[in-house]
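This report describes one protein chain in plain terms. The sequence and the structure come first, and the description follows.

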Amino acid sequence: MAPARRTLPFVLAGLFALWLVVPAAPVSPQLKGPGTGSRGGVVFSVPMEAKFVAITFDDGPSPSLTPAVLGILRQHSARCTFFPIGREVQKYPEVARQVVAEGHEIGCHTFSHVYFRSPAMARLESEFDICEKLFPETLGVRPTLFRFPGLAYDTTMVQAAGKRGYTVISCSLDAYDWRIKDAKQLAQRVTSLIRPGDIVLMHDGNWLNLPRAKEALGLIFDSLQQQGYICITVSELISFGLAEQGRDQGPE
């Protein structure tokens, strides 16, 4: 028997023994990403025929980009939902207060934008505690909407948010403003894919390129207005969707 063939059984036995003793990697959160409708306690979009949509902004506030976003929203009479990070609210409280003062909705996006795993639920609960103290004290609001960083979560995490009184929000259309480098391509993606009842994920964090973000947002809101879309908050979208479903069902 050739030497290689004689040693093969021992190699295989060694690999099997190693597989037995090496601990399994921790289970990662399920990356849910965009979807439609609601399922598993998470809202992706709101089925409706009326041309209402919710544009949402994560990761702010940013002292440079957020005021520019607010200016564009004023020009188009749009009301949106912002999911700021708690530590950024701490850094830039006046910018965050401006978002509230201009009539936009505030959701929660954790304090430190950490990606959670169910075995480490204590960290998630701690972040809830911090934000539930910070937001009312700094902004005078207690968010009822919550979005997990990276849209990464599992059933246990969604249940934990629900016990705190949050509605977990994902999205039905990710603008990919963190990936697409060309403003026109970014705007085209959003305006060509948008549908009534969509929840669109965008960002107003410090890490975005300011000129590109401003140009893309201007193009997006110009096009949405031309298409007859009205931009409202996520809570309003959910409420309008329920009202539309009630009308469709008619009196009992």
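Over the ring of which residue does the charged end of R39 sit? The ring is that of F44, and the charged end of R39 lies 4.3 Å from its centre. The model is a predicted one.

| Charged residue | Ring | Distance to ring centre |
|---|---|---|
| R39 | F44 | 4.3 Å |
| R179 | Y176 | 4.7 Å |

**Overall make-up**

The chain has 252 residues, of which 48% are buried. Its secondary structure consists of nine helices and twelve strands. Among contacts with a separation of 6 or more, 79% are between residues 24 or more positions apart.

**Helix 5**

Helix 5 covers residues 121–139. Its 19 residues reach 26 Å from the first C-alpha to the last, close to the 27 Å expected at 1.5 Å a residue. The buried residues in helix 5 are M121, L124, E127, F128, C131, L134, F135, T138 and L139. Viewed down the helix axis, these buried residues fall within an arc of 150°, so they line one face of helix 5. An α-helix has 3.6 residues a turn, so residues three or four places apart point the same way. On the face of helix 5 turned away from the buried side are the exposed residues A122, K133 and E137. The cover over the buried residues of helix 5 includes helix 3 (86–91), helix 4 (93–101), strand 6 (105–106), strand 7 (145–146) and helix 6. Just after helix 5, G140 has a positive phi of about 75°.

**Nonpolar cores**

The largest nonpolar core has 55 residues, and those touching the most other members are I55, F57, F82, L124, F148 and F221. Elements that each supply at least two residues of this core include strand 4 (52–58), helix 2 (65–75), helix 7 (183–193) and helix 8 (210–226). Helix 5 gives the most to this core, seven residues. Apart from its neighbours within four places in sequence, L124 is in contact with F116, F146, F148, M157 and A160.

**Aromatic residues**

The count of aromatic pairs is eight. One of them is F128 with Y166, a stacked pair with 5.3 Å centre to centre and 20° between the planes. This pair links distant parts of the chain: F128 belongs to helix 5, while Y166 lies 38 residues away in the loop between helix 6 (155–163) and strand 9 (167–169). Are F128 and Y166 buried or exposed? F128 counts as buried because its relative accessibility is 1%, and Y166 counts as buried at 5%; the cut-off for buried is under 20%. F128 and Y166 also belong to one aromatic cluster together with F146, F148 and Y153.

**G205 and its surroundings**

G205 is found in the loop between strand 11 and helix 8. With a relative accessible area of 1%, G205 is buried. Which residues is G205 in contact with, leaving aside its neighbours within four places in sequence? They are D58, D59, G60, S62 and L65. G205 and S64 are 141 residues apart in sequence, but their C-alpha atoms are 9.1 Å apart in space.

How values were computed: Residues numbered from 1 in each chain as written. Predicted model: local features only at pLDDT ≥ 70, side-chain atom pairs only at ≥ 80, totals over all residues. Heavy atoms only, no water. Phe/Tyr/Trp six-rings, centres within 6.5 Å; stacked < 30°, edge-to-face > 60°. Helix = DSSP H or I, 4+ residues; strand = E, 2+ residues; numbered from the N terminus. Buried < 20%, exposed > 50% of the residue type's maximum accessible area, 1.4 Å probe, protein only. Lys NZ or Arg CZ within 6 Å of the ring centre and 35° of its normal. Expected span 1.5 Å × (residues − 1). Arc of directions from axis to C-beta. Contact = heavy atoms within 4.5 Å. Core = buried A, V, L, I, M, F, W, Y, C linked by side-chain atoms within 4.5 Å.
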